[in-house]
Amino acid sequence: MAKDRILIVGMGGLGVPALWSLARAGALRLTLVDPDPVELSNLARQVIYRSRDIGASKVEAATRWMVECFPEVKVERHAIALDASNAVRLIGAHDFVIDATDSPVAKFLINDTCVAARTTFVYGGVVGMTGQAMTVIPGETACIRCVFEMPPDEDEIQSCREAGIVGPVAGAIGEMQAGEAMRASRAQKPLLSGKILTYDASGPSRVRITAVSPRPGCSCGASKHEYRESHAPGR
Ligand SMILES: [Zn+2]
C-alpha cells in the first residue's frame, strides 16, 4: 500500500513552500492543519494567499488555491490547532508529518506523538536568518528530545518571535521538508534522517549538515537501536 498520506502542521512561512513543492512533485493526499486566518501581513511572503483570502482560514485559502492550480491533489483541511486532544488521531491517520509550526510546544507535541505512533516526521524551524531541518525516524534516529531535551523557556520563545523569519530561508527549509516527505512516500530513506541541516543566510558557510546521535536515556529509544545496529553480527 502506498505510504503517501502527508500531514502538514502549520500553513505559514514553512507550510506554504512545503505545500507548493509537494503539489508540484505530484503528492496526492495532503492534510493541512492551522487554526489561523490569512492576514494582510502574510501576503508578501506566503505567496499562495491573495487579498480576497484575508479573514478566511489559511487552510481554506490554501485548499482553494490547490483546487485551482492542482485539482488532482486530494486535500483535507482542519482549521484547528494541533493539541493534545487531537494529535494522536490526526498523526495516527498519516504516513508522514511535516512540522511547519513556529511554536516549540507544538514541536514537542509532534515529536512525542510521532515517536509514540512510530510515524516519521520532518522538523523545521527558522529564527531570523537561520533555518534548520531534521527528519526523525522514531526508534531509529535521534528525535527532537535527543537534540534539545526540553522546550525553551518563555523568554527565549519571545526573542525568537521578535527575530522574525526571513522569507528565502523559510522557503528553502519548507522545500527541503517537502523533499523529505516525497522520499519517504516513495519508500526512499529521507536524506536528513539522523542529520540536522542548518542554513545560515547571514554568514559565509551557508549550509551545514551534521549527523546527530540519539541521546542515551531519551525516551524515544533510538540510542538502543543504534547500539544494536553497531553491534550486529557481521559489522
Ligand atoms: Zn530521542
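**Close-ups of a zinc site**

**View 1. The zinc donors and their spacing along the chain.** Along the chain, the donors of the zinc ion are spaced as C-x2-C-x71-C-x1-C. Keep in mind as you look around that this is a predicted model. The protein donors are the SG atoms of C143, C146, C218 and C220, and they lie 2.2 to 2.3 Å from the zinc ion.

**View 2. The angles around the zinc ion.** Look at the four donor atoms here: the angles they subtend around the zinc ion run from 103 to 119 degrees, so the arrangement is tetrahedral. For comparison, the ideal angle for four tetrahedral donors is 109.5 degrees.

View 3. C146 and C220 are 74 residues apart, so follow the chain to find each one; the pair links distant parts of it. C146 sits in helix α5 (residues 144–148), while C220 belongs to the loop between β8 (207–211) and α8 (222–230). Are these two cysteines, C146 and C220, buried or exposed? C146 has a relative accessible area of 8%, under the 20% cut-off, so this residue is buried. C220 is buried too, because its relative accessibility is 5%.

**View 4. The protein around the site.** Stepping back, you can find eight helices and eight strands in the protein. Its radius of gyration is 17 Å, close to the 18 Å that the globule rule gives for 235 residues, so the protein is as compact as a globular protein of that length. Buried residues make up 48% of the 235 residues.

Definitions and conventions: Residues numbered from 1 in each chain as written. Predicted model: local features only at pLDDT ≥ 70, side-chain atom pairs only at ≥ 80, totals over all residues. Heavy atoms only, no water. Donors = N, O, S within 2.8 Å, 3.2 Å for Na, K, Ca; no water. Tetrahedral: all angles 85-135°; square planar, octahedral: opposite > 155°, others 65-115°. Helix = DSSP H or I, 4+ residues; strand = E, 2+ residues; numbered from the N terminus. Buried < 20%, exposed > 50% of the residue type's maximum accessible area, 1.4 Å probe, protein only. Rg over C-alpha atoms; globule rule 2.2 N^0.38 Å.
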